[in-house]
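Thanks, everyone. Please have the view open.

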Amino acid sequence: MSFLLPKLTSKKEVDQAIKSTAEKVLVLRFGRDEDPVCLQLDDILSKTSSGLSKMAAIYLVDVDRTPVYTHYFDISYIPSTVFFFNGQHMKVDYGLSRLSHFPSATRDQELRDPTVPGTRTLLPWCHQISS
């Protein structure tokens, strides 16, 4: 379903989207078009994009075509989503952002949420970017 969502294929296009999206949340999905997990997320995003069109703009960004942003946002797992509002990066605490507390975390590893006793986060669906 990635063909239903607009794609940003260069740093210049990503910069323009960040600067020009005002009064809406900008959602950038970093990944690869041919990746099966990215395709699953793209399907979800495309199904929700029309309902969210008044409050969010969703774009797909290929990690291989925008290495500057891949490094800047420290994207090491795909798919990854990055959020902006009025040109400002929004830090969102969900899913993979918890990996910052666990620098040695790897794919399929079980993580415990340190803020909630007895909870676990399973990450079988993400995978590390390979060169």
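Start with the side chain of threonine 21: one of its polar atoms lies 2.7 Å from the backbone oxygen of alanine 17. Keep in mind that this is a predicted model.

Where is threonine 21 found? The residue sits in the loop between α1, residues 11-20, and β2. Is threonine 21 buried or exposed? Its relative accessibility is 10%, and buried means under 20%, so threonine 21 counts as buried. Leaving out residues up to four places away in sequence, threonine 21 touches Leu26, Ala57, Asn86 and Gly87.

Now the chain as a whole. There are three helices and nine strands, and the pattern along the sequence reads β-α-β-α-β-α-β-β-β-β-β-β. Of the 131 residues, 37% are buried. Among contacts with a separation of 6 or more, 68% are between residues 24 or more positions apart. The accessible surface comes to about 8200 Å², and carbon and sulfur atoms hold 56% of that.

Next, the sheet. Five strands form an open sheet in the order β1-β3-β2-β5-β6, with mixed pairing. The edge strands, each pairing on one side only, are β1 at 7-8 and β6 at 88-90. Strand β5, residues 80-85, runs antiparallel to β6, and three bridges join the two. Phenylalanine 84 stands opposite histidine 89 in β6. As a reminder, strands of a sheet pair through backbone hydrogen bonds, either parallel or antiparallel.

Which strands does helix α2 lie across? Helix α2, residues 36-49, lies across β2 (25-31), β3 (56-62) and β5, and runs at about 160° to β2.

In soluble globular proteins, nonpolar side chains tend to be buried together. The largest core here has 17 residues, and those touching the most other members are Val14, Leu26, Leu28, Phe30, Phe73 and Phe84. The elements giving two or more residues to this core are α1, β2, β3 and β5. A second, separate core has six residues, including Leu5, Val27, Leu60 and Phe83.

Phenylalanine 30 deserves a look on screen. Not counting residues up to four places away in sequence, phenylalanine 30 touches Val61, Val63, Thr66, Tyr69, Phe73, Ile75, Ile78, Pro79, Ser80 and Val82.

To tie up the opening: Leu26, one of the residues that threonine 21 touches, is also among the core members touching the most others. I will stop there.

Terms used
Residues are numbered from 1 along each chain as its sequence is written. This is a predicted model: local features need pLDDT of at least 70, side-chain atom pairs count only at pLDDT 80 or more; totals for chains, interfaces and linings use all residues. Side-chain values use heavy atoms; hydrogens and water are left out. Helices (H or I, at least four residues) and strands (E, at least two) are DSSP runs, numbered from the N terminus. Buried means under 20% relative accessible area, exposed over 50%, partly exposed in between (1.4 Å probe, protein chains only). Contact means heavy atoms within 4.5 Å. Accessible areas come from the Shrake-Rupley method with a 1.4 Å probe; for residues, only the protein chains shown count as cover. Two strands pair if DSSP finds at least two bridges between them. Axes are lines fitted to C-alpha atoms, for helices over the stretch in contact, and angles run from 0 to 180 degrees between N-to-C directions. A polar contact is a pair of N or O atoms within 3.5 Å; within protein, one must be able to donate a hydrogen and the other to accept it, and residues adjacent in sequence count only if both atoms are side-chain atoms. A nonpolar core is a set of buried Ala, Val, Leu, Ile, Met, Phe, Trp, Tyr and Cys residues joined through side-chain atoms within 4.5 Å.
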